[in-house]
Structures are given as structure tokens and as C-alpha cells.
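Here's a quick briefing to read alongside the model. Have the structure open and follow the topics one by one.

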Amino acid sequence: MLAVWAAKITEKVSVHVFHRQGVTWAGKIALRICPSILRDLAGQVKKDIFIVCGTNGKTTTNNMLCAAMEAEGYRVVCNHTGSNMLNGVAAAFALSAGIGGNLKADYACIEIDEASTRRVFPHFKPDYMVLTNLFRDQLDRYGEIDITMNILKEVMQSAPEMKVIVNGDDALSAYLAMDSGNDYVTYGISEQVTDDADSREIREGRFCKCCGAPLSYRFYHYSQLGDYACTQCDFRRPDIRFDAGDVEIGDGLAFTVEGNRIRANYKGFYNVYNILAAYAAMRTGGLKAGHFNEMLSRFNPENGRMESFRIQNVKVTLNLAKNPAGFNQNISAVMQDEALKDIIIVINDNAQDGTDVSWLWDVDFDRFKEDKIRSITVSGIRCYDMGLRMKYVDIPAMSEPDVEKAIRQRIADGCGNLYVLVNYTALFSTRNVLKRLEGEK
Amino acid sequence: MEKTGKKIVIGHLYPDLLNLYGDRGNIACMMQRCIWRGIDAETVEFNTGDTIDFSKLDIVLLGGGSDREQAIVCGNLLKIREQFREYVEDGGVVIAVCGGYQLLGKYYKTEQGMIEGLNLVDIYTEQEEGRLIDNIVLKSDLADMPVVGFENHGGRTCINDNKPFGKVLYGSGNDGKSGYEGVVYKNVIGTYLHGPLLPKNPQICDYLIRKALERKYGPTELAALNDSQEEAANAYIYHRFVKE
């Protein structure tokens with residue numbers, strides 16, 4: 001009980017006094033006071049605990065799953081802010097508990113950083129794991145994808161009762177689910193939606209994880225997601241239980257699953273996977289999804305994922321992009337807006353971003369040549385690297401290390417349609433600047 | 001830019017397996033710095049199993065991959081070892097980064113076993129506990145500017161009596177102890193630096209281009225380019241990590 005109080009106070013103090021994300025501190029203090037707090041509170045969840053893992057789409061999928069459950073009338077514990085390491089997970093439970101230390105929750109939806117699963121699983125064993133995808137991300141922190149896969153396999157096997165809800169279009173994730181021995185269900189898209197055959201995009205896992213022979217693809221959706229089969233052994237894309245059909249991608253998204261037409265007012269192919277993953281998790285958990293479309297129409301992630309701001313009649317769209325697969329998808333989403341635009345790209349190299357920025361060269365920035373762009377400005381700690389990245393695809397870019405100055409300049413002299421693409425630690429500071437400018441008269 | 005009538009062909013070896021850490025940036029940099037000077041440039045990719053005619057290549061890039069992928073590549077490389085050796089001994093230009101650097105040597109010993117190398121340069125690599133991961137700054141005889149980049153490797157490379165690529169001013173280098181990074185042998189540079197290496201180190205890029213042109217066309221002067229952006233990016237890393 002003391003731990004719950006301490007967590008609540010810490011969170012309030014750090015958010016209101018220090019104006020920063022206080023969630024991690026709160027979790028750290030709660031665990032320090034009561035090391036068993038996470039086990040105790042997780043044990044009080046009445047029905048099931050869902051966790052979401054995978055390189056991209058964790059926060060959106062997890063928050064959407066939470067919103068979908070709440071729309072069906074359930075009480076849900078969720079780490080909304082995306083604090084997904086052990087302290088963030090502990091904080092989500094502690095902050096949801098009553099002051100008496102009791103948790104009134106039917107479900108928990110928790111996203112967990114892949115490398116942190118090892119530290120979280122000793123506290124509780126989830127009932128379901130959603131595995132979204134595996135892309136290269138922060139090679140300096142996690143090492144190679146192989147290392148992440150080994151960690152996930154280990155935790156899956158430590159929770160043999162946990163059912164895995166896996167993206168069947170990703171050969172790496174699907175292999176992991178099959179290899180773990182855990183029960184699994186799949187979601188995916190069995191029809192070709194875009195023509196991605198000529199893309200120069202870096203694709204992971206071109207080789208069969210079972211036998212090492214090359215995989216052959218009937219088509220790609222993006223990155224290595226698609227319909228694959230091994231050229232040597234019987235490894236192939238598994239049968240898809242939750243299959244999205246009649247997929248429309250444009251200003252909004254639509255697809256059909258289990259005979260239901262799902263519609264959302266977001267951009268970006270990747271959001272089809274996020275929505276589909278949340279839907280598949282709901283249904284696998286035995287819930288009805290009668291209010292799913294209603295939830296989607298209200299759903300506002302408010303966390304820098306295609307978040308809109310209006311500043312002095314300029315439409316500003318903020319979007320997080322922290323690895324090549326995510327950034328390439330962001331570029332596609334920006335290009336779906338056919339209007340003239342200004343773009344600011346903010347790149348930091350703090351510990352949480354990954355101190356190695358070489359991944360910028362694995363992003364297909366040259367595609368911006370085909371877009372209607374008035375200006376590109378590079379900003380953040382590593383703006384010079386980003387500037388060179390643009391120079392070597394012959395796209396002119398202005399440099400302004402200070403994010404606020406860069407935004408003010410483009411608000412003043414831009415075309416009224418501004419996209420701000422940021423990596424992880426740049427997200428919070430940039431979002432604070434945009435919120436403040438939105439409030440200024 | 002007026003055409004010089006000259007042409008450079010870059011062979012990118014095994015991009016299907018060795019494509020970590022922005023190797024494409026090294027290709028883009030070499031291509032553009034030729035094109036901006038009116039030198040035609042072409043990149044030919046060779047995937048595993050393809051036949052490689054080294055006599056048609058002026059620069060060879062061997063990039064980085066994971067240990068598992070490196071073991072797959074190794075089998076393919078051993079088949080072309082003799083032609084590759086002739087190319088190197090004839091003064092062919094090679095830039096080998098990370099995993100590619102390790103493959104130049106006699107062997108790479110990992111926990112999982114021994115990966116036999118190309119044995120083009122008398123060096124060898126052994127895996128040790130802990131990866132060496134950080135920004136890195138060197139002073140190299142091949143450039144006036146410092147050389148800056150990022151390193152991320154578990155292997156420790158011993159270069160015997162060979163000439164290093166540079167002296168470490170910040171970071172770990174070949175083994176974290178010797179104070180040196182990389183190797184230079186004839187027109188081969190082997191290095192752990194990615195980031196990628198060449199865009200922030202335009203003098204190293206020009207060194208490779210000049211060596212390739214000289215081998216093909218005789219003595220060559222490269223036209224100067226406006227490198228103010230490259231210099232700013234380089235200086236930022238240098239001043240952030242090297243205390244004067």
C-alpha cells in the first residue's frame with residue numbers, strides 16, 4: 001500500500017513540478033519499497049493479461065486494444081505512455097491501484113520492450129502475447145535481431161500457457177511463434193495491396209530460419225512482410241486465422257475481417273496491422289468486438305503518432321519514426337497527402353534512441369524526390385548526419401539544430417502544411433514545443 | 001559538370017547478407033563524389049552465388065553482417081578467394097567494414113566456432129566477452145581531417161605488423177588495447193568504422209576514388225568539391241568526443 005502511495009506521489013511531483021515523464025520514476029520507487037508489488041497487483045487482474053511485443057506498432061496496438069476493451073465496458077490497466085521497461089510496467093499497475101492497494105481491473109494491456117521481457121516475466125506470466133513484427137532497431141543497444149529473437153523465445157518458453165497472437169506476414173515473428181512450442185494464432189493480409197516489388201528497402205530475414213535457404217516471396221506488403229515460402233524446406237507463411245481482405249489505403253483505411261468492415265480515419269499501411277492485431281487479440285481472448293468501429297472513430301493516440309496540431313493556421317502533423325522500417329512507412333504516409341508540404345526531420349542520439357545513427361542510411365529518403373515538398377529542414381542533436389543523408393540523395397535541406405527555432409521558422413515562412421518527423425527522445429520535447437505554440441496567440 | 005570520360009565500377013559484395021549499419025551510405029558517397037566530378041560511376045551488386053569478374057571492378061565494398069550471416073558469406077567467399085587475392089595484389093581498391101574487415105583475415109574465432117577468412121591480409125580476429133560499442137575518432141595518415149564513425153563489434157582484431165588505418169583518439173579500435181584501429185594493406189582499407197564511414201570522412205572517400213582512378217588511368221588529380229556540410233558533421237563528432 002505504501003508503495004502505491006509513493007508511486008502516485010512521485011508521478012504527480014515529477015509531472016507537475018518537473019514537467020517530465022514521471023512514470024518510470026514512479027515505478028522504480030514502487031518496486032524499491034515493495035519488490036513484490038508487480039506480482040501482487042498483476043495477480044489481482046480478474047480476467048486476462050495481454051502483452052504486446054515487437055519492434056514497431058507496440059504503443060498504438062496496445063492502446064487500441066485497451067480502448068477496444070473499454071468500449072465493451074471493461075476496466076483495463078494499460079501503460080498508455082509507452083513506458084515499456086520494467087519500471088514503466090510496474091508504474092502502470094501501481095498508478096491504477098486504489099489508495100488501499102487494491103486493483104479493480106478486468107484486463108491488463110501492457111506493452112513490453114523486447115529486451116525487458118526477461119525482467120518482467122519473473123513478476124507475472126501473461127495469458128496472451130501479441131507479437132507485431134521484428135525489424136532492425138537500435139543495433140547498438142540490442143545487438144542483432146537474432147539476439148532479440150533468442151530473448152523472446154526464452155520468455156515464451158518460460159510461460160508455456162501463454163498464447164501468442166502473431167503477425168503471420170512476418171517470417172521472423174511467425175518462425176518464433178512456431179519454434180517456441182507455445183500455442184499461437186495468426187493475423188495477416190493474404191491479398192497483394194501495393195506494388196512493392198521494386199523497392200530498395202532493406203529486408204530482414206531473407207533466409208529461412210529453419211534451414212538457411214533463401215525465402216521466396218509471392219509478394220511483399222512492405223519491408224519483409226508478405227507471402228513467403230522457403231525454397232528448400234516446408235517452412236512457409238502459416239494459415240491466417242484473422243485475415244484482412246478488401247484493404248483500402250488512402251486518406252483513411254478500411255478492411256474486412258470475419259465479415260466485419262473495419263474503418264479508420266488514419267493514414268499509413270502499418271496502421272492496418274496495428275488495428276488488425278488489436279482486433280485479433282480481442283477475439284482470441286474471447287471478447288466480442290461489437291463497438292470496435294465506434295472505438296476507432298474516437299481513438300486518438302495523442303502520443304505523437306500522426307498527431308495533429310493547429311498553429312497560426314498551419315496544420316502540423318507530428319509522427320514518430322525510430323528505425324528504417326518505421327521511417328519508410330512514415331514516408332509512405334506523408335506521401336499519401338498529395339498537398340504541398342514542408343518537412344522537418346528531428347534526429348537525436350540519446351541512449352533511448354540508440355547512439356548509433358547509421359540506420360538513417362537504411363531509410364529510402366530518395367522517395368521524397370517524387371513528393372510535392374516545399375522545404376526540408378533537419379534538426380536535433382544529429383542534424384548534420386541527417387543533412388548529409390539528404391545531400392547524398394541530392395535533396396537540398398536546411399540545418400537548424402534547435403527544434404523550436406526550426407518549427408517557428410517553418411510556421412512563419414512555410415506553406416501551411418507542416419510534417420514533423422522525429423525519433424524517440426525528440427518526440428517528447430518536440431511535442432511539448434508544439435503544445436506550447438498551439439496555446440500561443 | 002563537364003564529363004571527364006572516366007568511369008569507376010564499384011562491386012558491392014553480398015548486399016543480401018552483409019547490409020548492416022548503413023553500408024548503402026558508403027556506396028552513395030562514392031557514387032556521388034564521382035558523379036559530381038564528371039566521372040561516371042556504376043555499382044554492381046553481387047549476391048551469394050553470383051559469379052564475380054574482378055577484372056571489371058575498380059572498387060570492392062565488403063560490408064557488415066551478423067555473425068550468422070557472416071558464416072554463410074564465408075562459404076561463398078572461399079570459392080572466389082584466388083581471384084580476390086589477385087585483385088588485391090594487383091592494387092585493386094577494397095573497402096571492408098565491420099564483418100567485411102574480419103573476413104579479410106585468416107580467421108574469425110567465435111563462441112560458436114571458427115569462421116575461415118579470405119586470408120588476403122595477415123590479420124586475425126577472436127571474439128571476446130563484451131562488445132565494443134561507441135562513437136569513435138581516429139587520426140589517420142590517409143586524411144588531414146580526423147576520421148569519425150561508430151564501432152560495434154565483439155571481435156578483437158590483431159593486425160600483426162601491418163599498418164593500421166588510424167590511431168584511436170576516442171573509442172576502442174581493433175582490440176580496445178593497442179590504441180590503433182583498422183588496417184591498410186596495399187589499396188585495401190579494413191575498418192570497424194561504420195556510421196557509415198565515408199560521408200563524414202570525404203577525404204577517405206576521395207582517397208579510394210583516387211587510388212582506383214590511378215590504377216585504371218594513371219596519375220590523377222581530383223577536382224575539389226564543396227565539403228562544408230561534411231566538415232561540419234565531422235567537426236561536430238570530433239569536438240564532442242575528443243577533449244583537447
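Helix α13 (residues 383–391) of chain A is mostly covered, with 8 of its 9 residues buried (buried means 20 or more other C-beta atoms within 10 Å of the residue's own, exposed means 12 or fewer, partly exposed is in between, and C-beta atoms are placed from the backbone). Helices (H or I, at least four residues) and strands (E, at least two) are DSSP runs numbered from the N terminus. Keep in mind that this is a predicted model, where local features need pLDDT of at least 70, side-chain atom pairs count only at pLDDT 80 or more, and totals for chains, interfaces and linings use all residues. Residues are numbered from 1 along each chain as its sequence is written, while chains are lettered from A and ligands numbered from 1 in the order in which they are written.

**Covered helices in chain A**

- The buried set in α13(A) is C383(A), Y384(A), D385(A), M386(A), G387(A), L388(A), R389(A) and M390(A).
- Those residues pack against β15 (341–346), β16 (373–379) and β17 (398–399) of chain A, and also against α6 (228–241) of chain B.
- Helix α2 (residues 23–33) of chain A is mostly covered too, with 8 of its 11 residues buried; W25(A), I29(A) and L31(A) are among them.

**A look at R39(A)**

- R39(A) sits in helix α3 (residues 37–43) of chain A.
- Why does R39(A) count as partly exposed? Because R39(A) has 13 C-beta neighbours inside 10 Å.
- Setting aside neighbours within four places in sequence, R39(A) is in contact with H123(A) and F124(A) (contact means C-beta atoms, placed from the backbone, within 7 Å).
- From R39(A) to L418(A) it's 379 residues in sequence and 45 Å in space, C-alpha to C-alpha.

**Domains of chain A**

- Chain A splits into domain 1 (46–78 + 102–298) and domain 2 (307–439), with bounds from an automatic or database domain assignment.
- The C-alpha centres of these two domains are 27 Å apart.
- Their contact takes 20 residues from domain 1 and 15 residues from domain 2 of chain A.
- On the domain 1 side, helix α7 (residues 139–142) of chain A gives the most, with 3 residues.
- That side of domain 1 divides into 6 nonpolar, 6 polar and 8 charged residues (Ala, Val, Leu, Ile, Met, Phe, Trp, Tyr, Cys and Pro count as nonpolar, Asp, Glu, Lys and Arg as charged, and the others, Gly among them, as polar).

- Chain B has 6 helices and 12 strands.
- Of its 244 residues, 50% count as buried.
- The C-alpha trace of chain B spans about 55 × 50 × 30 Å along its principal axes.
- 28 residues of chain B are in contact with 21 residues of chain A.
- On the chain B side, α1 (23–35), α2 (67–79), β7 (124–139), β8 (147–158) and α6 each supply at least two residues.

**Nonpolar cores**

- The largest nonpolar core has 103 residues, and I345(A), V420(A) and L208(B) are among those with the most contacts inside it (a core is a set of buried Ala, Val, Leu, Ile, Met, Phe, Trp, Tyr and Cys residues joined through C-beta atoms within 7 Å).
- Helix α5 (residues 202–217) of chain B gives this core its largest share, 7 residues.
- Apart from it lies another core of 102 residues, including L38(A), A68(A), C208(A) and I262(A).

Definitions and conventions:
Contact = placed C-beta atoms within 7 Å.
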